[in-house]
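Here is a short briefing on a protein model. Look at the chains first, then read the points below.

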Amino acid sequence: MFQLFFENIRIAVSAIFSSKMRSFLTALGIIIGVLAVTLMGTLISGLDKSFEKSMSMLGKDVFHISKFEWFGNQDYWELRNRPDIKPEYAEKLVEQGKYVLAASPQSFRMSDMSRDEKNITGVSVIGTTTDYMQTSNTTIEEGRFITDGEHNSGSRVAVIGFDVAEELFEKSDPIGENVKIGPYKFRVIGVVEKQGKFLGLQSMDTQAIIPLGTFQRLFSRRGFFRLSVKVDKDNMEEAEYEVRSIMRRIRGIRPEEPDNFAINKQEAFETTYNSIKLAIGGTGIFITVLSLIVGGIGIMNIMFVSVKERTREIGIRKAIGATRGVILSQFLIEAVLICLMGGLTGLGLAFGLSFAIDKFLPSEMPVSLAILAVVISLAVGIMSGLVPSYRAAKLDPIEALSYD
Amino acid sequence: MSEVVKNGEMIVLKAVKKIYNLGSEDVHALDGVDLDIQRNEYISIMGPSGSGKSTLMNVIGCLDTPSEGTYIFEGEPVHEMDDNQLASIRNRKIGFVFQTFNLLSKLTALRNVELPLIYANVPRDERIEQAKIALEKVGLGDRMKHKPNEMSGGQRQRVAIARSLVTNPSIILADEPTGNLDSKSGQEIMKIFDSLHDSGNTIILVTHERYIAEHANRTINLLDGKIRTDEKNNK
């Protein structure tokens with residue numbers, strides 16, 4: 001049997017390569033189909049990875065209280081006119097909440113930073129307190145974080161992001177050196193470990209963290225403000241209820257009135273992300289299935305042509321002893337081989353493109369996806385080759401021999 | 001070469017009919033043929049077109065089965081066989097030579113001759129060895145790597161004969177083997193058939209040329225699907 005199988009592969013290869021253009025055009029549908037499925041898979045796995053990493057920055061057990069819901073559809077002006085979130089809520093939440101482990105108020109603004117001739121723009125300056133270390137996923141690579149004393153006294157000290165340190169200090173040690181945030185001079189006390197971009201958009205490494213007290217003195221008491229509250233991760237539901245009631249009590253909201261603040265959770269991102277993922281995946285599957293069907297029909301069509309063209313050959317082979325099974329497998333192998341070559345070409349292209357995608361989105365093609373692509377092309381080959389091959393197999397040798 | 005072990009009956013056809021249904025009427029392509037063929041016979045089948053000689057050739061060659069009657073080939077009942085059994089018997093016991101050569105144009109002479117052995121599952125080395133011997137036997141030892149379109153008609157037909165020989169078949173069936181050749185090549189081909197017969201092969205020629213038929217030892221004349229005459233040739 002091995003002899004015959006080998007011979008049939010030989011026949012198929014010679015048939016495919018004797019009309020290269022036709023084979024290529026035939027395989028194009030499969031190439032596109034496999035390209036679509038693998039690229040989509042690579043993209044989603046890349047998204048998943050970067051999403052997971054970004055979510056770990058937010059923290060699963062951290063609530064973010066602000067005026068605005070992350071993914072709400074309430075009227076902007078209504079939210080805009082809600083009362084501001086105040087820093088002193090943080091202390092009250094820690095004091096009153098038995099599930100609250102830490103709470104850090106954060107003020108944000110964008111600013112330039114400079115040192116001597118060197119200059120970096122678009123740095124997000126965060127004013128916060130010591131608790132920030134617990135509510136965020138920040139790790140200090142070098143030096144130390146700000147203290148309560150520095151917050152209270154309004155010291156001009158800063159913990160800078162990795163990229164800021166790299167830009168302003170290059171190779172030299174930034175600790176103890178002076179930098180300027182806007183027009184104000186600050187002393188660097190620490191450097192945050194490299195974190196990457198949040199959801200591939202906003203870099204977490206071009207930041208500078210300063211004491212909230214200092215922030216309020218130098219910059220502003222208003223502006224975008226939020227409270228990050230770290231809670232007991234084993235009692236998330238109770239914690240949320242507790243945080244909500246403390247907030248309502250602080251605000252003096254009557255039972256029938258709605259909240260005038262928002263408690264944001266990582267889950268909100270997940271819900272939104274999953275629906276985006278579903279949309280991408282759905283579109284991908286739709287394109288893939290469509291192009292595979294079109295590709296499969298193309299292959300079936302060309303196999304019918306091939307059988308017709310080689311009717312005489314089939315007659316000769318049958319006359320000298322080829323059985324139905326042999327003829328069936330000859331044409332089936334040809335169809336499968338075209339699909340497999342198309343599939344591998346698509347896979348190769350997708351693999352190449354995945355490096356290009358990697359530039360925007362950390363991604364690599366999972367092995368399971370490559371295997372899936374090969375299995376899909378095999379299946380398409382068998383499905384589209386079966387009917388033409390069967391037709392070839394049951395040709396009458398006498399009629400086939402007299403076919404012109 | 002099949003040796004003449006016994007001179008028994010190799011092919012026995014009894015009351016063979018082949019009926020084709022063409023719309024409203026049945027056509028009796030073979031209408032009750034009785035025929036015995038012995039080992040190492042050299043037979044020519046003649047008859048005008050439509051006489052049923054191609055049908056008879058197809059039935060003897062196991063490309064087709066009789067509608068009625070029995071066909072015993074070396075003790076095996078061909079009339080009861082299914083497609084795969086027919087393919088197997090064609091592969092093992094019958095060598096075909098066609099008027100239009102019927103070689104595969106993309107394959108070399110050697111590969112063409114190898115083909116029946118591939119279907120017989122003969123290992124590669126042995127296959128090539130046997131194919132070479134067959135090609136040398138028809139005088140094409142120096143043309144093995146040539147493709148059919150690089151050869152003359154006579155050479156192509158010799159490749160076809162080598163292909164029919166390579167499995168050591170019980171009979172060689174040749175359907176108008178010189179029909180597409182000039183007379184000189186035709187004579188050369190007939191010489192090969194003559195020498196194959198001399199070395200013990202059983203050969204059946206289908207022809208409508210009397211001078212070709214005269215190479216055989218026995219001539220069967222068909223008319224309207226029936227054997228009209230069946231006589232020994234005086235050589």
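**Overview**

In chain A, 82% of the contacts with a separation of 6 or more are between residues 24 or more positions apart. Two residues are in contact if their C-beta atoms, placed from the backbone, lie within 7 Å. This is a predicted model: local features need pLDDT of at least 70, side-chain atom pairs count only at pLDDT 80 or more, and totals for chains, interfaces and linings use all residues. Residues are numbered from 1 along each chain as its sequence is written, while chains are lettered from A and ligands numbered from 1 in the order in which they are written.

**Chain A as a whole**

- Chain A has 14 helices and 12 strands. Helices (H or I, at least four residues) and strands (E, at least two) are DSSP runs, numbered from the N terminus.
- Its radius of gyration is 33 Å, well over the 22 Å that the globule rule gives for 404 residues, so chain A is more spread out than a compact globule. The radius is taken over C-alpha atoms, and the rule is 2.2 Å times the number of residues to the power 0.38.
- Along the principal axes, the C-alpha atoms of chain A fill a box of roughly 105 × 60 × 35 Å.
- Of the 404 residues of chain A, 40% count as buried. A residue is buried if 20 or more other C-beta atoms lie within 10 Å of its own, exposed if 12 or fewer, and partly exposed in between; these C-beta atoms are placed from the backbone.

**Where chain A meets chain B**

- Here 18 residues of chain A are in contact with 20 residues of chain B.
- On the chain A side, the elements giving two or more residues are α1 (2-18), α11 (311-319), α12 (324-358) and α14 (397-401) of chain A.
- α1(A) gives the most, with five residues.
- By class, this side of chain A has nine nonpolar, five polar and four charged residues. Nonpolar means Ala, Val, Leu, Ile, Met, Phe, Trp, Tyr, Cys and Pro; charged means Asp, Glu, Lys and Arg; the others, Gly among them, are polar.

**A sheet in chain B**

- Six strands form an open sheet with mixed pairing, in the order β6-β7-β8-β3-β9-β10 (chain B). Two strands pair if DSSP finds at least two bridges between them.
- β6 (94-97) and β10 (226-232) of chain B stand at the edges with a single partner strand each, so one side of each has no neighbour in the sheet.
- On average, neighbouring strands of this sheet are turned by 20 degrees against each other, direction ignored.
- β9 (residues 218-223) of chain B pairs with β10(B) in the antiparallel sense over six bridges. Asn221(B) has Thr229(B), in β10(B), as its bridge partner.
- Helix α1 (residues 53-60) of chain B packs on the sheet and touches β3 (42-46), β7 (171-175), β8 (202-206) and β9 of chain B. Its direction makes about 155 degrees with that of β8(B). Axes are lines fitted to C-alpha atoms, for helices over the stretch in contact, and angles run from 0 to 180 degrees between N-to-C directions.

**Residues to find in chain B**

- Asn40(B) lies in the loop between β2 (25-38) and β3 of chain B. Its phi is near 60 degrees, a positive value in a residue other than glycine. Asn40(B) counts as partly exposed, because it has 18 C-beta neighbours inside 10 Å.
- Cys62(B) sits in the loop between α1 and β4 (68-73) of chain B. Phi of Cys62(B) is also positive, near 60 degrees. Cys62(B) is buried, because 24 other C-beta atoms lie within 10 Å.
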